[in-house]
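The paragraphs below go through helix packing and individual residues in turn. Please keep the sequence and the model in view while reading.

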Amino acid sequence: MTETPAGFDPATDLTPSGNLRRRQAFSRLAETGATVAAVAAVAVLFIVVYSVVVRGAGALSLDFLTKGAPDGIGPAIVGTTVIVGIATLIAMPIGVLIALYLSEFTRSGRVAGAIKLTLDLMNGLPSIIIGLFVFGLLVYGHQQSAIAASVALSIIMLPLIARGSMEVLALVPEGLREAADALGVSRWRTVLTVVLPSALGGIVTSTVLAVARAAGETAPLIFTASVFDSARYNLNPTEAIPNIPVTIFQLSEEASPEAFTRAWGSSLVLVAAIMFASLGARAVLARSRSRMSR
Amino acid sequence: MSTAAPPASPPEAPVPAPRPRDWRRTFDRFGDLLLIAICAGAALLAVAALLAIGYQVVHGAAPSISKFGLGFVFHTNWQPNPPFEDFGAGTLLFGTVVSSFFALLVGAPIAIAIGLFLSLLAPKGVSSIISPLVEMLAAIPSVILGFWGIIVLAPFVQRDAEPFLHDTLGFIPIFGEPQTTGASVFTASLILTIMVIPIIASISRDLFLSVPQDIQDGASALGATRWEVVRGVVLPSTASGVIAASLLGLGRALGEAIAVTQVIGAGSEINASLFKTGDTLAGRIANQFPGAITELHQASLFYLGVILLIIGVASNLCAQWIGRRFDVSQRGATR
């Protein structure tokens, strides 16, 4: 009882040996692996962006940004803005209303579950299916139009906006609603004048993120707005109007050096716009979130 | 909400409330109802849109469904020209499954490692910079990724990656003879891998962050190394969530059309080798729909859409179901 166990020498230093050393080496190996994976992902991002910037910068000029087809992509820039703008006008109100319904009027229960599932399924739908849907609904028997393209993009944006708004609405302090209740304010006034304004920043940023996602979608557009005259400006939403994603797609299929240069230039414009919108919105979102949860 | 009603004493006749208040209360009640109705209407609209999507795609496929029936799914011939007009999804189903499976096989472990790095290893400053960068990878439009795939990735794959894999692992039939162009199922899989990684990485990062710190500390206190904490505590407690995240990534890979059609080479045969051309369901729709020759051709492309829709919704539902179970156990664990 009073003896120390055999083989135990209190004077030895406590450096790991044998088994422990092997386990620690393995652990370090795993840590290195995880770090390498993260670095690789960032490296791929930089390689892609670098390719686009280096090859696209040569194509950029004022003419490229403002003129029509053989020289530039001015009409496509305007067209994408119009299509995405109309899509936002459709998706944002509906998305925010759904978020309000889920966060203010049905806290839990089967209905809310069903609606959330609907949003998740909608978010997971392949965008080409949405293209087929809108083709069958609005294009077949009529003609391609910017409106049809916008409807398709709005279906892509809707779940993103609804979910983003829901998250922000959940951050609105319960105390605000209770204070409004205590003052005898009716529910709809509380929602419209207290809850919604305090969540507005987050709703706008999640809309911007959805816009960034939709602006690059190509699959739905090739069914709904791909036959257009890319030489002239067209703002008529009942016709197929030029847009950047389909322009890049068509140029990439052409396999001529000039077409590729223009495709790189168009890609640079699109990537720059998307990165700017998306990084900006993320930064604002992170700040407002930390401010609200404080 | 009737708390504001005046406490009327029963024996007396009810005193009429001041006029403007009364008006305001009915107005408020009407406003409440209206807002709820509008919000519920918006939610119903979303449900209706989802159902309409299903209906419209099946409706568009109707001529092809009635002509070919279920045999279409595994039939491997695709002859759109009028004298033949024979269609089957077999080749495309094969290409879809192979390319997505490969993307997931490569992408999921990398993505989970990234999630571990961002949630457990990296200092806060580092992860707050790298997290948005990884998510930025998902923000690159697929058409640009596909175009980059044609110009930059495909030549590299054809010149370096394929010969290397063929020389070292050529005894496995999937690493066959490299072809003259870089357009192959392999290149498409690599592009899909790039698309899948940010999705799985950001979801699993959030999952790992939700593992309570004290059970991790407990494992460390028992002498577990950092890897053993991950292996013994973090991964087991989030396993179903990670599987759900991978299924969501799979759904993305299955449905990707544009980037795939740009780099896969539109082949029409089933090949064991990944280095040959192939095609996927979504890729074929994107490639041939704008120039569909006949009514039946178009309907058959819609039929491909039906198959894609069923696979996509099924993988998504699986993910939700598995993920939901995770949520329940999580709530129990954090209490």
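B:C39 is buried, with a relative accessible area of 0%, where buried means under 20% relative accessible area, exposed means over 50% and partly exposed lies in between, for a 1.4 Å probe and protein chains only. B:C318, by contrast, is partly exposed at a relative accessible area of 40%. Over all chains the count of disulfides comes to 0, a disulfide being a pair of cysteine sulfur atoms within 2.5 Å.

The model is predicted, and local features need pLDDT of at least 70, side-chain atom pairs count only at pLDDT 80 or more, and totals for chains, interfaces and linings use all residues. Residues are numbered from 1 along each chain as its sequence is written, chains are lettered from A and ligands numbered from 1 in the order in which they are written, and side-chain values use heavy atoms, with hydrogens and water left out.

Helix packing comes next. Two packed helices are described by the angle between their axes and the distance between the axes. In chain B, helix α4 (residues 142-169) and helix α5 (residues 185-209) have axes that come within 8 Å and cross at roughly 125°; helices here are DSSP runs of H or I with at least four residues, numbered from the N terminus, and axes are lines fitted to C-alpha atoms over the stretch in contact, with angles running from 0 to 180 degrees between N-to-C directions. α4(B) and α5(B) are therefore oblique to each other, because angles under 35 degrees count as roughly parallel, over 145 as roughly antiparallel, 65 to 115 as roughly perpendicular and the rest as oblique. The residues that meet across this pair include B:L145, B:W148, B:L153 and B:V157 in α4(B), and B:F186, B:L190, B:I191 and B:I194 in α5(B), contact meaning heavy atoms within 4.5 Å. The residues of this contact of α4(B) with α5(B) divide into 12 nonpolar, 3 polar and 1 charged, with Ala, Val, Leu, Ile, Met, Phe, Trp, Tyr, Cys and Pro counted as nonpolar, Asp, Glu, Lys and Arg as charged, and the others, Gly among them, as polar.

Helix α5(B) also packs on α7(B), at an angle of about 150° and with the axes 9 Å apart. α5(B) and α7(B) are therefore roughly antiparallel to each other. Among the residues that meet here are B:M195, B:I199, B:I203 and B:L207 of α5(B), together with B:V234, B:L235, B:V242 and B:L248 of α7(B). The contact of α5(B) with α7(B) comprises 14 nonpolar, 5 polar and 1 charged residues.

B:L254 lies in this helix α7 of chain B, which spans residues 226-255, and B:L254 is buried, with a relative accessible area of 8%. Once residues up to four places away in sequence are set aside, B:L254 touches B:T96, B:S100, B:A282, B:L308, B:I311 and B:S315. B:L254 and B:S204 are 50 residues apart in sequence, and their C-alpha atoms are 20 Å apart in space. B:A282, one of the residues that B:L254 touches, is also one of the buried residues of α9(B). Helix α9 (residues 281-288) of chain B is mostly covered, 7 of its 8 residues being buried.

How do the two chains come into contact through α7(B)? α1(A) and α7(B) pack at an angle of about 75°, with their axes 7 Å apart. α1(A) and α7(B) are therefore roughly perpendicular to each other. A:R23, A:F26, A:S27, A:A30 and A:E31 of α1(A) make the contact with B:R226, B:W227 and B:E228 of α7(B). The residues of this contact of α1(A) with α7(B) divide into 3 nonpolar, 1 polar and 4 charged.

A:V53 is found in helix α1 (residues 18-57) of chain A and is partly exposed, with a relative accessible area of 39%. Elsewhere in chain A, A:T247 lies in helix α10 (residues 244-254) and is buried at a relative accessible area of 9%. Leaving aside neighbours within four places in sequence, A:T247 is in contact with A:I73, A:A76 and A:F228. A:A240, in the loop between α9 (219-224) and α10 of chain A, counts as buried at 11% relative accessibility. A:F228 is also among the residues that A:A240 touches, including A:Q144, A:A225 and A:N234.
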